[in-house]
Amino acid sequence: MSDEVHYQATEEAHTGPIKNPKQLLLAVFFSFVAPILIIAGLVSYVVSGTHPSGSAQGEGMSLYGVSKDVRDREVAERLKKVGSIEIRDANRPLATGEAVFKAQCVTCHGSPGIPGAPHFSDAAAWGPRIGQGFATLLEHALKGKGAMPPQGGGDFEDLEIGRAVVYMANAGGANFPVPDRPAAAAPAEGAATADAAKPAEGAAK
């Protein structure tokens with residue numbers, strides 16, 4: 001009895017879990033065929049256009065809350081050239097101080113404006129600033145001071161920004177002259193008159 005039990009235990013130890021052809025077929029299927037089918041399905045899914053990634057559907061999708069338009073704009077800003085050339089008509093008439101004020105300064109210096117900025121016609125706020133002189137006020141306007149950003153280099157020439165400074169300061173009690181372009185035509189006319197006079201003198205001799 002003991003030998004028979006020992007023989008049976010030894011025989012069971014040397015046999016595997018597959019005891020019939022049906023179990024063998026199932027083992028082969030799950031070991032080889034199923035993984036191959038899964039891999040083929042994944043490859044088909046990746047190369048098809050029905051998945052959410054890629055250019056088919058992902059162009060307008062947001063990435064971490066940032067839309068494609070914003071990303072494109074940021075990339076364009078990073079790739080933008082450092083310097084730029086702007087051609088302006090040097091002979092165009094200068095904008096008046098009032099026009100520049102209404103276009104560029106009224107948000108902060110108008111009414112109600114922002115706290116801390118001297119508002120238009122506020123003589124008490126403009127008094128100490130007027131005492132600094134026009135040159136200092138113009139430098140502050142062009143380069144910025146404190147919370148005020150630089151106003152130079154925008155849509156208006158520095159001379160036009162100066163006209164706006166004079167417009168605001170004079171409304172606050174100053175008596176600054178309105179800046180204008182230097183008169184270059186008068187010397188040129190004088191030189192032309194002198195050149196015309198020389199041949200006339202030679203003919204007289």
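A pocket here is an open set of grid points, where a 1.4 Å probe fits, with protein on both sides within 12 Å along at least five of seven lines, and its lining residues have an atom within 4 Å of a point. In this predicted model, the largest pocket is lined by 24 residues. The protein chain holds eight helices and zero strands.

**Overall fold**

- Along the sequence, the protein chain reads α-α-α-α-α-α-α-α.
- The protein chain has 205 residues, and 18% of them count as buried.
- Among contacts in the protein chain with a separation of 6 or more, 47% are between residues 24 or more positions apart.

**The largest pocket**

- The space in the largest pocket comes to about 550 Å³.
- His-109, Pro-118, Arg-129, Lys-145 and Met-148 are the lining residues that lie nearest the centre of the largest pocket.
- At least two lining residues come from each of four helices: H4 (97-109), H5 (123-130), H6 (134-143) and H7 (158-171).
- Of the helices, H4 gives the most to this lining, with four residues.
- By residue class, the lining of the largest pocket has 15 nonpolar, seven polar and two charged residues.

**Packing of H4 against H7**

- Helices H4 and H7, which both supply residues to the pocket lining, pack with their axes 8 Å apart and at an angle of about 70°.
- H4 is therefore roughly perpendicular to H7, since angles of 65 to 115 degrees count as such.
- On the H4 side, the contact is made by Gly-97, Glu-98, Val-100, Phe-101, Gln-104, Cys-105 and His-109.
- On the H7 side, the contact is made by Glu-160, Ile-161, Arg-163, Ala-164, Tyr-167 and Met-168.
- The residues of this contact divide into seven nonpolar, three polar and three charged.
- His-109 takes part in the contact of H4 with H7, and His-109 is also one of the residues nearest the centre of the largest pocket.

**His-140**

- His-140 is found in helix H6, one of the helices that supply at least two residues of the pocket lining.
- The relative accessibility of His-140 is 19%, so His-140 counts as buried, the cut-off being under 20%.
- Leaving aside neighbours within four places in sequence, His-140 is in contact with Gln-132, Lys-145 and Met-148.
- Among these partners, Lys-145 and Met-148 are also listed with the residues nearest the centre of the largest pocket.

How values were computed
Residues are numbered from 1 along each chain as its sequence is written. This is a predicted model: local features need pLDDT of at least 70, side-chain atom pairs count only at pLDDT 80 or more; totals for chains, interfaces and linings use all residues. Side-chain values use heavy atoms; hydrogens and water are left out. On a 1 Å grid over the protein atoms alone, a cavity is a set of points where a 1.4 Å probe fits but cannot get out, and a pocket is an open set with protein on both sides within 12 Å along at least five of seven lines; lining residues have an atom within 4 Å of a point. Grid points are joined across faces, edges and corners, and a volume is the space filled by probe spheres set on the points. Ala, Val, Leu, Ile, Met, Phe, Trp, Tyr, Cys and Pro count as nonpolar, Asp, Glu, Lys and Arg as charged, and the others, Gly among them, as polar. Axes are lines fitted to C-alpha atoms, for helices over the stretch in contact, and angles run from 0 to 180 degrees between N-to-C directions. Angles under 35 degrees count as roughly parallel, over 145 as roughly antiparallel, 65 to 115 as roughly perpendicular and the rest as oblique. Contact means heavy atoms within 4.5 Å. Buried means under 20% relative accessible area, exposed over 50%, partly exposed in between (1.4 Å probe, protein chains only).
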